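Below are my notes, in the order in which I looked things up.

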Amino acid sequence: MQPLIQPFNVLLPMLYGIALIYYGFYLRNGNEQSGKWAPNILLSALVVHLLYFIARSNFQYFPITNSFDSLSMVAFSIAMIHLIIERTSGEGKTGFFFISIAFVFQVSASMFHVVDIHIHELLTNPIFGIHVFFTLVGISALAISAIYGLMYWMLAKQIKSHNMGIIYRGMPPLDQLEAMGRLSSILGLVSLGLGLIMGHFYAYRVLGILFPPDLKIIINDVAWIFYLLGWAIVKIKNYNGLRLSKLAFWGFIAYAGAIMAANFISTSFHQFN
Amino acid sequence: MSEQLIVIGWSHKNAPVEFRDKLFLSKDEIQGLVKEAVQKDFIQEVTILSTCNRTEFYFVSANTSPLISWVKEWYNDNLKRDIDFLQCEPYTHQGNETIKQLFRVASGMESMMLGENQILSQVKTAHEHLLMSSGKTPSLNQLFRDAVSCGKAVRTDTDLCRGAVSISLAAVELAKRIYSSFQKQKILLVGAGESAELTAKHFQENGATQFIIVNRSEERGKRLAEKFSAEYAKLSEIPELLKQVDIVVAATHSKEYLITINQVNQALNARQYKNLLMIDISTPRNIDTEIHKIQEVFLYDIDHLEDVISENLIKRKDEIPSAERIIKEHSRKFISWFKSLEVKPTISLLTQYYEKIRLEELHRYEHKVSEDEKNAMSKLSKGLVRKLLHYPITHLKGLADGQELDPQTIDTIWRLYRLEEMKDSEVEKSE
């Protein structure tokens with residue numbers, strides 16, 4: 001499959017790069033043509049990315065065999081979540097920020113693409129693959145929601161301080177940033193929830209226990225419950241504005257910190273190499 | 001003599017407002033002038049652009065010298081306006097400069113407020129008047145059509161007309177950074193004066209539908225409320241209203257604060273800490289400046305909005321080179337079209353001139369030769385004329401396309417071949 005995969009390593013960064021340039025023009029000049037082209041190019045990049053995953057796996061295993069494959073999957077998730085939010089809200093000016101992250105991740109994944117792949121047995125199981133996919137998409141969506149929170153915070157700060165800088169001019173209005181952040185966190189919550197359920201189901205099938213005593217699993221479960229509770233409180237108390245954006249931002253920082261700490265402390269079947 | 005485009009005008013640049021007021025022409029007055037102007041042998045086409053900031057007469061004329069005095073006489077004799085034109089002489093531009101002037105006007109480059117938008121619709125209106133007027137106006141019709149598309153291109157491709165440059169518009173622009181739509185937003189207007197009304201008008205134009213008007217004078221407040229299908233409330237109701245509104249605009253002349261920090265603090269819980277935009281365009285200020293400290297409140301006063309305006313103006317000025325490029329490109333296209341108008345009748349008359357000579361010469365010999373020889377001679381002469389004219393016509397067309405054709409060249413050709421006589425004899429024949 002290698003000769004088939006090699007062109008993707010050039011094509012994918014190129015497509016994400018072109019989409020990024022268009023998003024950049026749209027952010028800078030508000031050029032409507034760029035605004036129309038950017039999501040179409042991004043959609044093409046996502047389709048090509050999907051084809052890459054198919055070519056890579058050949059329908060035999062989930063295509064995350066090393067850390068750089070994970071980066072590629074995260075790039076795909078971020079771009080996909082952004083595109084869903086853009087299509088739903090009709091606002092693409094934030095695209096530049098998210099696609100630049102996806103671009104950097106994809107460039108790294110393509111540059112350090114490993115030819116000799118060792119396929120872990122776990123990856124050949126479709127349930128495990130679905131678990132990994134939904135979990136990564138969920139975490140990416142929550143990260144995007146946190147970035148929206150940060151954008152809201154920064155824009156609100158600029159408006160409050162009467163500073164009409166680039167953020168003031170380039171960002172969507174505060175209420176739209178809030179709506180996009182909300183949508184992103186709902187997508188994250190649902191996707192991560194599905195990922196975790198699939199993970200538990202798989203653990204039960206393989207290990208015979210629904211809740212294995214694994215630090216990473218515990219942290220993710222607790223984080224998801226916190227997110228769910230947070231979402232319910234926000235709904236009931238009608239939290240909005242700056243409070244909500246700060247909650248989304250710090251919530252994800254805490255979650256990411258806990259995952260990193262867990263990775264540092266324990267190694268478990270989540271590490272494939 | 002070839003026809004020339006000429007503009008004679010007065011604007012904010014060379015005439016004070018009192019003088020410009022006297023020059024302003026209504027639609028009927030413009031039509032009256034056009035009707036009379038087309039009867040003058042020195043005017044081929046005319047139209048007028050008349051706004052509060054400028055009155056400009058656009059002519060196509062072969063003899064430009066009597067135009068200024070004709071315009072002045074028309075004001076004083078026909079409209080009986082008794083204007084002292086010695087006080088303000090008009091500016092005049094001829095040829096390419098006329099084109100550039102109208103394109104600059106349509107683009108907002110000549111407006112009192114750089115990049116103003118209203119002028120484009122005024123140029124469109126002048127074009128509509130032109131289309132409605134009797135008589136043929138091919139050159140001015142094309143000129144105004146191109147001016148409108150030039151104005152549109154400048155507005156689309158540059159930021160010359162972007163960013164608010166008035167206090168009320170700056171307030172709306174600011175609110176747009178917080179709310180993507182005003183349809184669901186409640187706007188509280190404190191005051192019912194001119195500034196409050198203008199701000200409400202701009203919000204309404206941008207989709208706002210829910211207004212609450214608070215004013216000391218109930219009569220005035222209710223009058224404004226009626227205009228915007230709004231609710232009227234008393235000043236004492238402000239603390240309650242703060243719990244439900246999203247935007248507050250204060251525009252009164254009250255010497256004391258009408259909205260205090262305590263009122264806003266008390267409303268915060270009820271409004272579930274939703275954002276609140278407060279715009280104070282009153283002098284002296286009517287909203288307690290301490291309110292700025294509340295996290296959820298964005299408070300702007302007139303100085304802040306003026307900063308926004310000055311920044312927007314600087315940005316607009318930065319766009320001038322890009323706008324100039326667009327104007328230059330559109331002017332180039334129009335000049336090319338206009339030159340081709342000049343060259344077409346010349347080529348046609350030149351062809352007729354040669355054809356006339358050919359026929360005259362054939363006629364001289366037609367009784368001395370047989371029918372076959374006559375046909376051969378006709379064929380030969382036709383070919384000869386075609387070959388003789390080929391290079392001059394190609395060259396003329398090339399000059400016109402490359403915008404190198406100057407009126408002198410055309411004039412020389414007309415003199416050399418006596419095309420004026422040729423034209424007159426054609427006119428006589430057709431009559």
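Before anything else, a rule for angles: axes are lines fitted to C-alpha atoms, for helices over the stretch in contact, and angles run from 0 to 180 degrees between N-to-C directions. This is a predicted model, where local features need pLDDT of at least 70 and side-chain atom pairs count only at pLDDT 80 or more, while totals for chains, interfaces and linings use all residues. Residues are numbered from 1 along each chain as its sequence is written, and chains are lettered from A and ligands numbered from 1 in the order in which they are written.

**Entry 1: chain B overall**

I started with the inventory of chain B, which comes to 16 helices and 10 strands. Helices (H or I, at least four residues) and strands (E, at least two) are DSSP runs, numbered from the N terminus. Of the 431 residues in chain B, 38% are buried. I call a residue buried if 20 or more other C-beta atoms lie within 10 Å of its own, exposed if 12 or fewer, and partly exposed in between, with C-beta atoms placed from the backbone. Next I looked at contacts, meaning pairs of residues whose C-beta atoms, placed from the backbone, lie within 7 Å. Taking the contacts in chain B between residues at least 6 apart in sequence, I found that 71% join residues at least 24 apart.

**Entry 2: the antiparallel sheet**

In what order do the 4 strands of the antiparallel open sheet in chain B come? I read the order as β2-β3-β1-β4. Two strands pair here if DSSP finds at least two bridges between them. β2 (45–50) and β4 (91–94) of chain B are at the edges with a single partner strand each, so one side of each has no neighbour in the sheet. From one strand to the next, the twist averages 15°. I counted 6 bridges between β2(B) and β3 (residues 54–61) of chain B, and B:Val46 stands opposite B:Phe59 in β3(B).

Then I looked for the helix that goes with these strands. α3(B) lies across β1 (4–11), β3 and β4 of chain B, and it runs at about 45° to β1(B). This helix covers residues 67–78, 12 residues in total, and spans 15 Å from first C-alpha to last, close to the 16 Å expected at 1.5 Å a residue. The expected span is 1.5 Å times one less than the number of residues in the helix. Just after α3(B), B:Lys80 has a positive phi of about 55°.

**Entry 3: the parallel sheet**

Chain B has an open sheet of 6 strands in parallel pairing, ordered β7-β6-β5-β8-β9-β10. β7 (231–233) and β10 of chain B are the edge strands, each with a single partner, so one side of each is left without a neighbour in the sheet. The twist averages 20° from one strand to the next.

Is β6 (residues 210–214) of chain B mostly covered or mostly open? It is mostly covered, with 5 of its 5 residues buried. B:Gln210, B:Ile212 and B:Val214 point one way, B:Phe211 and B:Ile213 the other. β5 (residues 186–190) of chain B is joined to β6(B) by 5 bridges, and B:Lys186 stands opposite B:Gln210. β9 (residues 276–280) of chain B pairs with β10(B), also over 5 bridges, and B:Asp280 has B:Asp301 as its bridge partner.

**Entry 4: cores**

I define a nonpolar core as a set of buried Ala, Val, Leu, Ile, Met, Phe, Trp, Tyr and Cys residues joined through C-beta atoms within 7 Å. The largest has 128 residues, and those with the most contacts inside it include A:Ala19, B:Leu189 and B:Val248. Helix α5 (residues 126–160) of chain A gives the most to this core, 19 residues. Another core of 42 residues lies apart from it, with B:Ile6 and B:Met109 among them. Leaving aside neighbours within four places in sequence, B:Val248 contacts B:Leu188, B:Val190, B:Ile259, B:Leu276, B:Met278 and B:Ile279.

**Entry 5: one residue in chain A**

I picked A:Ile85, in helix α3 (residues 67–89) of chain A. A:Ile85 counts as buried because 24 other C-beta atoms lie within 10 Å. Not counting residues up to four places away in sequence, A:Ile85 touches A:Met180, A:Leu183 and A:Ser184.

**Entry 6: where the chains meet**

The contact takes 17 residues from chain B and 15 residues from chain A. α12(B) gives the most to the chain B side, with 4 residues.

How values were computed:
Two residues are in contact if their C-beta atoms, placed from the backbone, lie within 7 Å.
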